[in-house]
Amino acid sequence: MKAAVLVFPGSNCDRDMAVGFERAGFDVSMVWHKDHSLPEGVDIVGVPGGFSYGDYLRCGAIAANSPICRELKTHAEAGGYVIGVCNGFQVLTETGLLPGALLRNAGLKYICRTVPLVVATEDSVFTQGYEKGAEIQIPIAHHDGNYYADAATLDALEGEDRVAFRYGDNPNGSARDIAGVLSENRRVLGMMPHPERAAEPAHGNSDGKAMFDALTAALGQVTA
Amino acid sequence: MKARVHVMLKNGVLDPQGEAVRHALGALGFDGVNGVRQGKVIDLDLADGTTEAQVAEMCEKLLANTVIESYRIELG
């Protein structure tokens with residue numbers, strides 16, 4: 001099983017995400033934003049948190065137009081798996097791989113704390129290790145995590161069971177408490193909370209570990 | 001040639017920064033400020049002959065996120 005983690009200038013959760021994949025048994029490569037190809041045979045690409053390109057213009061906008069993101073789109077459009085966390089979620093909405101956009105938090109403050117998340121679907125390789133309706137504790141750290149999409153898009157996401165996680169206590173004004181969404185083929189996940197920061201006992205919380213373990217269970221079978 | 005692009009959040013998209021500015025103006029004693037919307041102005045220095053359609057393409061592909069923002073182009 002191979003994972004690639006993209007690295008932009010200003011990424012700061014790239015190594016955390018790589019460790020999350022490694023501990024779950026993935027062979028991980030770090031891929032620089034100027035690269036024009038992903039390593040051969042990559043099963044899943046991680047788009048990490050941070051402040052790619054200093055959040056210039058809009059969070060994730062410059063990264064979404066970087067050379068490696070053209071490869072990311074090709075990978076996703078060919079049915080490859082992708083997870084984008086925090087700034088990675090912003091990048092995925094800017095590329096158009098996921099619907100909607102992330103606005104400034106409704107309270108205008110940067111929020112950095114652990115929040116309750118409710119698992120909204122078990123039907124994805126990312127969430128099948130949890131029970132639908134289960135509440136888990138995952139850290140958030142963002143200024144622009146207020147999920148926005150028009151009503152028709154939100155209705156479609158809910159109708160197609162593509163909301164992956166909801167906030168238990170909405171911290172940022174996100175529409176319909178949405179914390180993470182899936183692509184139409186359910187193989188691309190974007191979420192503002194950071195499962196990779198809660199993935200082992202040393203973090204003081206390992207509620208995010210089930211996501212990486214579920215990926216191993218699902219993608220291990222694909223590769224084998 | 002120059003072009004100026006105005007990027008604004010679309011009507012109906014909450015602008016928390018604009019709201020904070022509105023409250024601050026009220027706190028300074030400016031009554032009657034019923035709404036504030038904050039946007040961006042981007043000045044482009046372009047090769048002669050660049051068309052408005054090309055600037056619009058720049059807006060669609062990068063300068064604005066049309067999920068949440070609208071844009072207006074002034075060529076000058």
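# Reading strands, helices and chain shape

Analyst: In strand 3 of chain A, Val45(A) is the bridge partner of Ala4(A). Note that this is a predicted model.

User: In which sense do strand 1 and strand 3 of chain A pair, and over how many bridges?

Analyst: Strand 1 (residues 2–7) of chain A pairs with strand 3 of chain A in the parallel sense, over three bridges. Strand 3 of chain A also runs parallel to strand 4 (residues 81–85) of chain A, and four bridges join the two. One place to look is Gly46(A), which stands opposite Ile83(A) in strand 4.

User: What is the sense of the pairing between strand 6 and strand 7 of chain A?

Analyst: Strand 6 (residues 111–119) of chain A and strand 7 of chain A pair in the antiparallel sense, over eight bridges. Within this pair, Leu117(A) stands opposite Ile136(A) of strand 7. Strand 7 (residues 135–142) is mostly covered, with six of its eight residues buried.

User: Which residues of chain A have a positive phi although they are not glycines?

Analyst: Leu108(A) is one of them, with a phi of about 65°. Leu108(A) is found in the loop between strand 5 (101–103) and strand 6 of chain A. It is partly exposed, with 14 other C-beta atoms within 10 Å. Another is Asp177(A), whose positive phi is about 60°. Asp177(A) has its place in the loop between strand 9 (163–167) and strand 10 (178–182) of chain A. It too is partly exposed, having 19 other C-beta atoms within 10 Å.

User: Where are the buried residues of a helix looked for, and which are they in helix 2 of chain B?

Analyst: An α-helix has 3.6 residues a turn, so residues three or four places apart point the same way. In helix 2 of chain B, the buried residues are Val55(B), Cys59(B) and Leu63(B). They cover an arc of only 50° around the axis, which puts them on the same side of the helix. On the other side of helix 2, Ala53(B), Glu57(B), Glu60(B) and Lys61(B) are exposed. What covers the buried residues includes strand 1 (2–9), strand 2 (39–45) and strand 3 (69–75) of chain B.

User: How far apart are the end C-alpha atoms of helix 2 of chain B?

Analyst: The general idea is to compare the span with that of a straight helix, at 1.5 Å a residue. Helix 2 (residues 52–63) of chain B has twelve residues, and its end C-alpha atoms are only 14 Å apart, short of the 16 Å that a straight helix would reach. Helix 1 of chain B has twelve residues as well. From its first C-alpha to its last, helix 1 reaches 16 Å, close to the 16 Å expected. Gly29(B) follows helix 1 of chain B and has a positive phi, near 95°.

User: How is the overall form of a chain read, and what radius of gyration does chain A have?

Analyst: The radius of gyration is set against the value for a compact globule. The C-alpha trace of chain A spans about 40 × 40 × 35 Å along its principal axes. Buried residues make up 54% of chain A. Its secondary structure comes to six helices and eleven strands.

User: What pattern does chain B follow along its sequence?

Analyst: The pattern of chain B is β-α-β-α-β. Its radius of gyration is 16 Å, well over the 11 Å that the globule rule gives for 76 residues, so chain B is more spread out than a compact globule. Its C-alpha atoms fill a box of roughly 50 × 25 × 15 Å along the principal axes. Of its 76 residues, 12% count as buried.

Technical notes: Residues are numbered from 1 along each chain as its sequence is written. Chains are lettered from A and ligands numbered from 1 in the order in which they are written. This is a predicted model: local features need pLDDT of at least 70, side-chain atom pairs count only at pLDDT 80 or more; totals for chains, interfaces and linings use all residues. The expected span of a helix is 1.5 Å times one less than its number of residues. A residue is buried if 20 or more other C-beta atoms lie within 10 Å of its own, exposed if 12 or fewer, and partly exposed in between; C-beta atoms are placed from the backbone. The arc is that of the directions from the helix axis to the C-beta atoms. Two residues are in contact if their C-beta atoms, placed from the backbone, lie within 7 Å. Two strands pair if DSSP finds at least two bridges between them. The radius of gyration is taken over C-alpha atoms; the globule rule is 2.2 Å times the number of residues to the power 0.38.
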